[in-house]
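Open the model in your viewer and keep the selection tool at hand.

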Amino acid sequence: MLSNEDKEALVQISANNTVGLKFIFEKYYNGLCEFAKFYVLPSDVASDLVTEFFIRFWNQRHQIVIKGSLKAYLFKSIKNASLNHLRGRKMEMMNYEDYSEVLVSTELTPDEQMEFKEFQDKLDTFANTLPERRKLILQLKLNSGFSNAEIAETLQIAESTVKNQLRTAISSLDGTIKLKN
């Protein structure tokens, strides 16, 4: 489903108004770059893929038909661009060691930041033990804030599959990571 803001931006784009493109670019660029880094490294390659996508998006604006969520469309497009890049260059799938650094909040006390960092490290270690698809679904849920429906649409799988994968990951997680009270 398109939000009113996204719908208005798409209307502007179809009328050749770059204000709509600027709105979508500013709203989604950083998240798309983080998402692309799930697939490709270094990060400048990921940001190049996203920038190239926005150029193609603008050039093909009159042919693009978006059914459903713009967010899911954009992330699915970046996934495909990343996979095409990997196929062409035979690059390795990314590990996301550096990704957890982004999540440490500056509003936490130093002790809380250290606890959070330890928890994040344990969660990353746990995530690396998961099969690739389950790991990606977990990362989209936890790090990118996707809904189950958005994950399903982005990865082109059934929402029930997303739920099952998350349930299995959480079951595996139970007992692996102990939380302090």
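Select Asn148 first. Is Asn148 buried or exposed? In this predicted model, the relative accessible area of Asn148 is 17%. Buried means under 20%, so Asn148 counts as buried.

Now colour helix H8, residues 148-155. Asn148 belongs to this helix.

**The side chain of Asn148**

The side chains of Asn148 and Lys141 make a polar contact, at 2.9 Å.

Next, look for the other partners of Asn148. Which residues does Asn148 touch, once neighbours within four places in sequence are set aside? They are Lys141, Glu159, Val162, Lys163 and Leu166.

**Helix H8 against helix H9**

Select helix H9, residues 159-173. Keep H8 in view. The axes of H8 and H9 lie 8 Å apart, and the packing angle is about 115°. An angle of 65 to 115 degrees counts as roughly perpendicular, and H8 and H9 are therefore described that way. Their crossing is right-handed. On the H8 side, the contact is made by Asn148, Ala149, Ile151 and Ala152. On the H9 side, pick Glu159, Val162, Lys163 and Leu166.

**Helix H7 against helix H9**

From H7, select Arg134, Ile137, Leu138 and Lys141. From H9, select Val162, Gln165, Leu166, Thr168 and Ala169. Lys141 is the residue whose side chain makes the polar contact with Asn148. Val162 and Leu166 take part in the contact with H7, and also in the contact with H8.

**Zoom out**

Clear the selection and show the whole protein. How many helices and strands are there? There are 9 helices and 0 strands. From the N terminus, the order of elements is α-α-α-α-α-α-α-α-α.

Switch to a surface view. The protein exposes about 10800 Å², with carbon and sulfur atoms supplying 51% of that area. Of the 181 residues, 41% are buried. Asn148 is one of the buried residues.

Notes
Residues numbered from 1 in each chain as written. Predicted model: local features only at pLDDT ≥ 70, side-chain atom pairs only at ≥ 80, totals over all residues. Heavy atoms only, no water. Helix = DSSP H or I, 4+ residues; strand = E, 2+ residues; numbered from the N terminus. Buried < 20%, exposed > 50% of the residue type's maximum accessible area, 1.4 Å probe, protein only. Polar contact = N/O pair within 3.5 Å; in protein donor to acceptor, adjacent residues only side chain to side chain. Contact = heavy atoms within 4.5 Å. Areas by Shrake-Rupley, 256 points an atom, 1.4 Å probe, with all protein chains shown as cover. Axes fitted to C-alpha atoms, helices over the stretch in contact; angles between N-to-C directions. Parallel < 35°, antiparallel > 145°, perpendicular 65-115°, else oblique. Left-handed = near helix turned anticlockwise from the far one by under 90°.
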